[in-house]
Structures are given as C-alpha cells and as structure tokens.
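Subject: Structure handover

Hello,

Here is the structure I said I would pass on. Please look it over before reading my notes below.

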Amino acid sequence: MKRIMRRTTLILIFALAFIGGIGFFSFELIVNAGSWVDQPYNAHVSGGNGLEQAGAIYDRNGYVLAETQDSDRIYNDNISVRKGLLHTVGDNSLNISTAVQSKYRSQLSGYSLIWGLNMPKSMRNTHDITLTVDATTCAAAYDVLAGYGKKGACVVYNYKTGEVICSVSTPGYDPADPPEINESNESEYEGVYLDNVLSSVYAPGSIFKIVTSAAAIENMPDLYSRTWNCTGEKEIGGHTVTCTEQHGEIDYKTAMSHSCNIAFAEIAVELGKDVMNSTAKKAGINNSYEIDDVNTAKGHFDVTKADENQLAWSGIGQYDDAVNPMQMAIMCGAIGNGGKAVNPTYIKDGSGDLLQLIGFKKPDEFQLFNGDTANQLNDVMRYTVSDYYNYQRSGLFEGLSVCAKTGTAEVGEEKAPNAWMVGYAQDEDAPLAFACVVEDAGYGFEFACPVADAAMKAAAACLRGEG
Amino acid sequence: MPDLSIIFDVGVVALRILLPVYAIVIVYQCYAAMRRRRRTEKPLVTLCNMKTGNVIPVLFWENSIGRSKSSDVVVQDLAVSRNHCVLLRRSEGWFITDTGSTGGTFVNGVPVEGRAQVLINDVITIGSTDFEFRRGDEFQAPLKSSWFFSKVSDKPAIRPWKLMLMVTLFHFFMAVEAMFWNDGTNVYAPIVLFGALAAVEWGFFSVSYFAFRRVNFELESLGLFLTGIGVMMLVRQVEKSAYVQLIAAAVGMVIFCVIIKLIENPDKISRLRFPMMIVAVLLLLTSILFGKITKGAANWIFIGPFSIQPSELVKIIYIFIGAGTLDRLQTKQNLLEFIIFSVVCVGLLALMGDFGTALIFFVTFLLISFMRSGDIKTVILAVAAAAFGVTFVLRFKPYVADRFKAWRHVWEYAQAEGYQQTHVLTFIASGGLFGVGVGNGYLKQVAASESDLVFGLLAEEMGIIVAITIALSVALLVIYTRAITTRSRSTFYSISACCAAGLLVVQLSLNVFGATDLLPLTGVTFPFISSGGSSIMSVWGLLAFIKAADERTYSLKR
C-alpha cells in the first residue's frame, strides 16, 4: 500500500500542473481581456444593436458627433459634418476599423474586467469621448474635397499640441443613411472604408522637394549662390527629365517657389544616393506613426537600387516614392516647430476613466530636422507662398502666414496626377500644419490648394475663436 | 413609487454575484463531507516480534511484508525475501499469502500454500523471525494521519439530503436564468428540463439512500452538480441533446452502481477479467467494422438517435483489468495477460485513427502501468509504452502537425485553425467574473462549443469564477483519491481510483487548455460537463472506481 501511495505523486503532479495552468490562464486573461474582447465577431459589442450601450462622441467644442438615444445611434444633424467625420467617428457597421467608434467600442460600451460586457444597467457607466476635431472645419474641408468626386484626404493639426483639427477622407457616405454596397455600385465606393489620411500612401510629386531641399541645405554649402539652367527638359542618366515650364537661369529659392524639376533633379543626382536616403530616413519618410492605436501607412523612399535617371526623378517625388498625408502634415509641422515634431492625436478628453482604459498618453515629441535646416526650409517655403502662390490666387490663406509647397505627382498614363498641397501656418495663435491630396485630379495648386485654403481658414478661425 | 426596474436590476446583480459564491459553497460542502465519518488512525492489528518484543502496527487492509524498505511491514532479517508475503484483511477475517519467497511463510509452524487464515495469537514465521498476531487496540503510540483526515470531527459536515437540495437549487437558478434569456421561443423549456433533471437527481439519491442504504452521497452529489450544469447549459443550445445528455447520465449512474456492485469483493474480480477483455475487444472491433467514419476516424456507432463511442467504455474495462489486489500484483499474476490485452487494444486503436481517443488511451495505459508496476514490470511495460508511442506518432503525424501550427498563435489564424480558440478567448473575456447569463452567450453558435469548447461556454454564460470552480472541483478529486489510497480495502481499489482520478484531470487539462490555447486543441471532453453520451457514461464509470476506493462505501450502512 505504501508503494501505491508513493506512486500517487504522479497524479498529484497532474493536478498541480492543472492548477498552475489555470493560474497562468487567469494571468493571461487579466492582461489581455481588453484586446480579446475587441474582435469584430464579438456580438456582445458589435452586430445588430452593438452600439446601443456606447457613450457619446463630441467634437472639441462639445458638438455631438454621435450618441445613443433610446438604443438608436444618432449622428450629428449636419450632413457635411456626418460625411466629413465618417472616417474619424465611424458608423454602425464598424467597417471602418480605424474610426473611434470601432477601435474603442468596448471601452465606450463600458467594458470592465469584473463585469465583462454585461454590466448591470444601473451600474453601467458608459464613457463619452471628446475628440480634438472641429466639426465646422471638417465640414468645410469635406464640401470642397467632395466637390471633385475623387478620392482624397485633408488633414490639419496643431503642430504645437498634436491636436488634429480637421481630418477628412473621400469617398465617404452618410453614417445616418449608409448605402447598400452591391455589385452595381461597388466601384463608386471602392476604398470607402479606408481613412486615406491614415491608411493610404500616394506618390508625392513636387512636395518631396522639401526633403530634397533639406538634403541640399545640409550638404551644399554654396546652395544659395548656385544657379541651374532649365530648358524644360534635360537628359540625365540616359533618359529625359521634364519640367512644366522653361524656367531658364534659376536660383535655388526660385526653383523651389516655381517648382523647377530640372534644378531639383540635378541637386538629387549631385547629392547622391546615400545623402538622399539618409535625409529621407531622418525626415521620417519610411516611418509609420502610431496615432491613437492606429499605425499610419508607411511612406517609401529608397534609391539604393536606382539608376541615375531614377535618382533624378526620385528627388522630385517620382520614381517609386510614396508618402502618407498624415506623415506629410507631421513633417511640415516639424518644420514650423523648429525641427521638432509632435505626434498627432484625435483624443481630447474622455469621461470617467476612459482615457486610462484606452491607454491614452501625452503625444510624443521627436526631432525630424536640425533647427537650422528647419529655419532655412521655413524661409524658402514661406517664400514659395509669398513670391508665387499669393499672386496666383487672391485671398489665399488670408489672415495666416502660410509656408507651403504644392505637388503634382504623375501616376501613370490612365490617370490624371495626384494633386498635393502641404504646409503650415507660422502664426503663434494658429500653429497649424496641413496636408491635402486629391487623387486622379491635376495640378496641385488647382485642386489641393482650395481644400487646404478652406480647411486652414476654418481651423484658424476655430482656434482663434477659442482665444 | 420606487422605480421597479432599479429594484429588478439590483436583484439581478445580487443573483449574479451570489451564484458563483453558491457554487463555491456547494463544492466546499462536497469536499468537507468526504473528510467526515472516518475511523481514527489506529492499527487494525499488530505483529509482535517474539524475540525482541517489538510491536509493529499493521495499518492497511493489504500489507506487503518483506525486507524491501518500501514494504508496508519491513522485516530486518536476511532470511526474509524482499517481497516475502502479503497480509490481507477480508470480510471473513485476516489472511496471509506467500508471494514466492525463498524461505516460505508459516502459520503456527504450518507452511502457507495459497491463502491461509490467521487468527489472533497465531504465530507467523517469516524467515527466521516469529511474529505473534495481536489485536490492534493494544497499540497505544499515536500515529500520524493524512492531513485530509486529521482534526476532523465525526459528525457529518452536512446531511446528504441537504447537500442534494443545495445542488438542485443551483440547477433551479440556472433554469430561471435560461428562462429569462431567451429568444422568445419556448420560454418554459428550461423549467421542464429542470423538472426532468431533478427527477433523475432525486431518483438516484433515493436508490442510494433507501435501496443501498449508503450513508455517504457527497461524491455522487458532486457528480450530479456537475452533470446538471452540463445539462442545463444545453437547454438554450440544442434542447434535444440536453435530454439525450440527461438520459446518458442516468445510464451512467446505473453503470456507476453496477461497477460498485461488481467489484465489491476484490478476490472475485479475477473471474470477470477474461469476459471483460472479450467485451472490450468486441467493442473496439464493432466500431472498426460498423463505425461511421467522421474526420478520418472510425470511432462512432450510431444506434437510432444515439451515437456511442465504444472506446470510452473500453477505457473503464482497461482500468478494471489493469488494477489488481496486492498479492496478485506481487506474484506478477496476470501480467502477461495484461500486456497482450494492451497490445491488442493499441492495434485496434491505431486502426481507428481518432487522435483524442488515442491520446486518452495512451495516458490511461501509462497511468495504469505506472500505478501497478514495481521493478521488472516497469521495464516490460515501458517497452510496450514506447511501442505505443511510436505507433501513435506514425499514425497521427500530419494531423498533429496541423494542430500545432496554430498553437500559441491563434490570433494569426483567427479565421482558420485558430477560429475556435479565438472565439473562446473573446467570449470568456466578455463574460467577466459573473457571466452574461445562461443562454445569453454567443459562443454557443460556434461548432463544438458544447463539448470541446465547453469551458468557454461556461465562462461566458456563468462567469469565470464558476468555470474555474467547476474545473478545480474535478481536479481536486485527485487530492481526495490520494487521501483514501492507503485506506482502500485493496490495492485494486486504490490503483483503479488513482487511474480514474488521473484520467479525469488529464481530460480536464486537455479540454480546458486546448480551448484556451495553452495546449493544442485535441477534442477531448470536459468530464461531466461536455455534451456527449458515451463521455458522460464513462465519466460516471470512472467515478465508481473512486467511490469504491472509499472504505465507507461498502462498510458504512444506515
């Protein structure tokens, strides 16, 4: 009997192993429960009336963007606000995964480790969230952008605080009356669930000259005394590089303001692959930024395998260059802020312990340019607006001293170019950086500029109105 | 006028917090009752060394006597063999059996052949040592008792019928919850099912109490508590299978009673061994010849609406044949028979090709080999085990590889191999500590949620506290089984009980950790809770071994 007793140690070990396993699982549960709950198939939060328990979403001025009334989800009463903020707020379908309502739905519904998703009604403390966006600005930007009927994006953010004031993506739809997307209309709604501000990349075209400029400022001591000769096209590395105009004899600042391709193509070739790669890397082109639990789409710049002609094209934002709108706004904001970027955020405040639940923390700061480089870029980008853009359009960015650059990126034969405009305002009371892009459109100045103009004016009015 | 909805809400909250507490109380009461009504730790008889006057207490029903240090009675005499003889207590009195010693064993100078009765004041001669066989109450020195039984009063912890009432009430609360959470169809189904369940529970209780006149019902109460939870969980899932499960459980209880009756006399078990082996082989053959092949495994036989996995029942027979009384174990009787039987079973299982079953059988084989083997036997059995293992790996390799692919990476395969586990984790987290209510979960829509993933279903609907309490209540059977090991009436009972308890824990681990991605998903059932007719029958069969190992089962009558 004693022998049998001794052998029972084996089953005792089994039982202890089981208890240990339960302990380990409990630990895993406590640590990960929040993310386990957040699954698209979890019918306790999504599905039919999944948002009936979710709290309200407000803009920075307290306007209701979405709230639950009698178990119905109600959105803002202005259709432009609804459509403009669709990708930021989200809709009932939760198809837009980067929207607040999708990514924080369990926190908005009052998830707790103790009660799971079934907190008794009388104890339920639903969480409301206040976003940094301004409904009016978003509506204004959306109306202009949607007027083209193209895919596009426009983002404006405060480069001192990181607060995103305006974030608009097209195509959109009305969350209060979502379309039934079927075979007949799916081309119209292609990519509709994607927030182009965060999740898309585009060929940059001439806006990339900002990066090439940064490389030149840091590596060409005689930059400001040099001149280039533009005859409208030039053979570099066995193939032609073309320019939009014949600029003739042209210095660096004018080449920037008039966006001369020849000058920048030659600068890129002269600086060489390594300098271009390292400057692009430092400017964060290949980075993905984490913004409120969403990672932005990664830009791309790599000329390691490029030939001379491709290197030339890469310097003016063609070749296989790609950038993300939010990333461009961050880069421009850094220039306006003396080289230091502030990571953007959409979250201003939350009721109860919401901010803690979603793990909100103060936006990071990081250096993208040297202070001196930033100052020189600031000069030349301001010059671009004051010397050139202001003469092209009266009342452009009225009331703001904006530094900017447009871009017109060729994307192939079948499509019209991507129209870009990126930049920022120098004003102390409106430290705003922006990036606008319209796909398959035309000249940056013609298409992106009006969107940027509307968004910046409205955003500045919003900030100034707050005193 | 107070707001009624708030009162109602507070009531629901209170109920949801109390239910887990109630579950813990029930499990505690079951285990507390297992410790009570025990004889105190004192020797049954003593052996007095006539030369030295040294008194050795004899503590167990079956005692090995020999020179080996692991013997129950160690005799320091070079003329004594390592495993000399076995002293047994039976209802007819005390007996001694010589287990192939070199010097032989003598009672009052007469050599022992087979089994010889020993009376008080008889002289037992082992080697050159003489012992006088004396009464146990002459031994006064205190003895150390297992912690499980120490410092326990003799009064019952709770009257059996009160414990059963608590269990039934718990199931009633589950029925009420299931009535509350419904899709509007058949609101009263849960209460009807509860009626049937209560009838089975109290029917079983009455049979035990009045027909068998047993005093103790705590192990059965625990089994009924768990079985009832499994049945009630099914009511909002597949109502029909709830009744199938209940019927199967009732059959399981009959099997439970039959097994306890069959093995009442440990010496008569050997007569049953051969017929049992034939039955086992026939059962396995039936499932190979007539079994319906599902997922490449021919493991199921369909008889009308019922599906049976014969291998589940063979598991019980296997333990039955593997265990033996101490004198038989020590003389290596039936060892060859057991090995041949093992090889046949292995061969038939390999033909069948069901991963979960083969795994469980392998564990059973290892457990029983380990529990019964001592020296040379270990080697032989280990060789057989290795052969088993190789067959196992060759047979199931592609299948195993597939299961391992998603293991610990379920979120990367959330739409494929990890589909079931990710859903389990999500819904466990959604349930929180107290659950969303019986019938109100969503995991029930996932395939196999009532069997392979039942831990997730429990946690989602009844909360993680109840789920873990239930899992632990099964795992703790090991502690109980271990505590009663040396108090069993024969090694047959202690070996079979330990194998049964070990097997339950292994099944439990594979099920719970498989569903929660701590182990690969193997499709093994959660004892008592998982839906599955043959599973619940075999679990009740296993429970019979544990019940039989408790000496109170046969000795204590009302």
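This is a predicted model: local features need pLDDT of at least 70, side-chain atom pairs count only at pLDDT 80 or more; totals for chains, interfaces and linings use all residues.

Residues are numbered from 1 along each chain as its sequence is written, and chains are lettered from A and ligands numbered from 1 in the order in which they are written.

Chain A

Chain A has 16 helices and 18 strands; helices (H or I, at least four residues) and strands (E, at least two) are DSSP runs, numbered from the N terminus. The C-alpha trace of chain A spans about 100 × 65 × 50 Å along its principal axes. Of the 467 residues in chain A, 55% are buried, that is, 20 or more other C-beta atoms, placed from the backbone, lie within 10 Å of the residue's own.

Contact between the chains

Residues are in contact if their C-beta atoms, placed from the backbone, lie within 7 Å. The contact involves 38 residues from chain A and 47 residues from chain B. On the chain A side, helix 1 (2–7) and helix 2 (9–37) each supply at least two residues, and helix 2 of chain A gives the largest share, 15 residues. By class, this side of chain A has 25 nonpolar, nine polar and four charged residues. Nonpolar means Ala, Val, Leu, Ile, Met, Phe, Trp, Tyr, Cys and Pro; charged means Asp, Glu, Lys and Arg; the others, Gly among them, are polar.

Sheet in chain B

An open, mixed sheet in chain B has five strands in the order 4-3-5-6-9; strands pair if DSSP finds at least two bridges between them. Strand 4 (73–74) and strand 9 (115–118) of chain B are at the edges with a single partner strand each, so one side of each has no neighbour in the sheet. Strand 5 (residues 85–90) and strand 6 (residues 93–98) of chain B run antiparallel and are joined by six bridges. B:L88 is opposite B:F95 of strand 6.

Helix pair in chain B

Helix 6 (residues 269–290) and helix 9 (residues 335–352) of chain B pack at an angle of about 15°, with axes 10 Å apart; axes are lines fitted to C-alpha atoms over the stretch in contact, and angles run from 0 to 180 degrees between N-to-C directions. The two helices are therefore roughly parallel (angles under 35 degrees). Their contact includes B:M277 and B:V281 of helix 6 and B:F341 and B:V344 of helix 9. This helix contact has 11 nonpolar, one polar and no charged residues.

Regards

Conventions. Two residues are in contact if their C-beta atoms, placed from the backbone, lie within 7 Å. A residue is buried if 20 or more other C-beta atoms lie within 10 Å of its own, exposed if 12 or fewer, and partly exposed in between; C-beta atoms are placed from the backbone. Angles under 35 degrees count as roughly parallel, over 145 as roughly antiparallel, 65 to 115 as roughly perpendicular and the rest as oblique.
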